[in-house]
Amino acid sequence: MIRETAYAKINLALHVRARREDGYHELETLFAFVDAGDVLTARAAEADALEQYGEFAGDLGTPFGNLVSQALGALPRPGGLAIQLEKNLPVAAGLGGGSADAGAVFRIVRERFGLPDDWRERAAKLGADVPACVESRTCIGRGTGTELEALADDSLAGVHVLLVNPRVALTTGPVFAGWDGVDRGPLPKGSSRAIALAGRNDLTKPAIQLCPVIADVRAALENTAPVLVRMSGSGATCFALYDSEEARNAASETIATAHSEWWQMTGRLR
């Protein structure tokens, strides 16, 4: 049996630079990953199979359309895998949940059978976040997010994170469609902390226009004295970074008391 965590993806910064003729957008982003997320358990089987359970499993629909099934179908191998997916991350939440699940499948297949030489291209065809989610390490993404660069100085590794989602699904397409088309400049240079602190998320405004409660989540987090608060991806999840576990846990308790209906997850950056 192989057990893999599908690590929650956050965008410490997300700069939208231009609309592309293919319908996508030119991006510069700083990917980071929390040491918590969905959990996949895999066993050898005659044929591939997927079982879904967990808090958000009901939001996934049929297993055949799941990115886990698509990832299994994208990777040739001599044997099947029966996978159980514990869906702990909300769907359409800016956390790359489906992409993280697919990335975990790639790691499972790599451990069990090895990956084909063109695995990066196969991952990119599943989604723009999937290549980054395979390794699930802090890195810079360019293009649509699939052109990855390692980061020499990851000064945020181990930093404590609080994720908060108002339990409102927000699909990516309408948020990108609401971007105003203004190029506000490239991703800063430097360490992960320097880039995160000087960066921004250009999708915040259109996301709030579609889902106003995001502003409430962000304000609640900002009142807990974090190092940084930002929306992740296209929303609606926001994250806050803290220099101590005590500060993060206190923030989590404060928000849970005031907004018990909101979803939370705590962890550290990998």
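Let me begin with Arg 248, which touches His 160, Val 161, Leu 162, Tyr 242, Thr 266, Gly 267 and Arg 268, leaving aside residues up to four places away in sequence; contact here means heavy atoms within 4.5 Å. This is a predicted model, in which local features need pLDDT of at least 70 and side-chain atom pairs count only at pLDDT 80 or more, while totals for chains, interfaces and linings use all residues. Residues are numbered from 1 along each chain as its sequence is written, and side-chain values use heavy atoms, with hydrogens and water left out.

Arg 248 belongs to helix H9, residues 245–258. Helices (H or I, at least four residues) and strands (E, at least two) are DSSP runs, numbered from the N terminus. Is Arg 248 buried or exposed? Its relative accessibility is 7%, and therefore Arg 248 counts as buried. By definition, buried is under 20% relative accessible area, exposed is over 50%, and partly exposed lies in between, with a 1.4 Å probe and protein chains only.

The side chains of Gln 264 and Ser 252 are joined by a polar contact of 2.4 Å. A polar contact is a pair of N or O atoms within 3.5 Å; within protein, one must be able to donate a hydrogen and the other to accept it, and residues adjacent in sequence count only if both atoms are side-chain atoms. Among the residues that Gln 264 touches are also Leu 162, Leu 163 and Val 164.

Now to helix H1, residues 67–74, where Leu 67, Val 68, Ala 71, Leu 72 and Ala 74 are buried. Viewed down the axis of H1, these buried residues fall within an arc of 165°, so they line one face of the helix; the arc is that of the directions from the helix axis to the C-beta atoms. They pack against strands S2 (25–45), S3 (49–53) and S4 (80–86), and against helices H2 (97–112) and H3 (119–126). At the start of H1, a side-chain oxygen of Asn 66 comes to within 2.6 Å of the backbone nitrogen of Val 68.

In H3, the buried residues are Trp 119, Ala 123 and Leu 126. Seen down the axis of H3, they fall within an arc of 55°, so they too line one face of the helix. The face turned away from that buried side carries the exposed residues Arg 120 and Lys 125. The cover over the buried residues of H3 includes H1, H2 and H4.

Finally, the pockets. On a 1 Å grid over the protein atoms alone, a pocket is an open set of points where a 1.4 Å probe fits, with protein on both sides within 12 Å along at least five of seven lines; lining residues have an atom within 4 Å of a point. The largest pocket holds about 870 Å³ of space. Its lining comprises 39 residues, of which Gly 96, Ser 99, Asp 129, Thr 172 and Ser 234 lie nearest its centre. Strand S1 (2–19), S2, H2 and helix H5 (172–177) each supply at least two residues of that lining.

The second largest pocket has a volume of about 210 Å³. Of the 14 residues lining this pocket, Pro 131, Ala 132, Glu 135, Cys 139 and Leu 148 are the closest to its centre. H3, helix H4 (130–135) and strand S6 (147–150) each give two or more residues to its lining.

How values were computed: Points joined across faces, edges and corners; volume = space filled by probe spheres on them.
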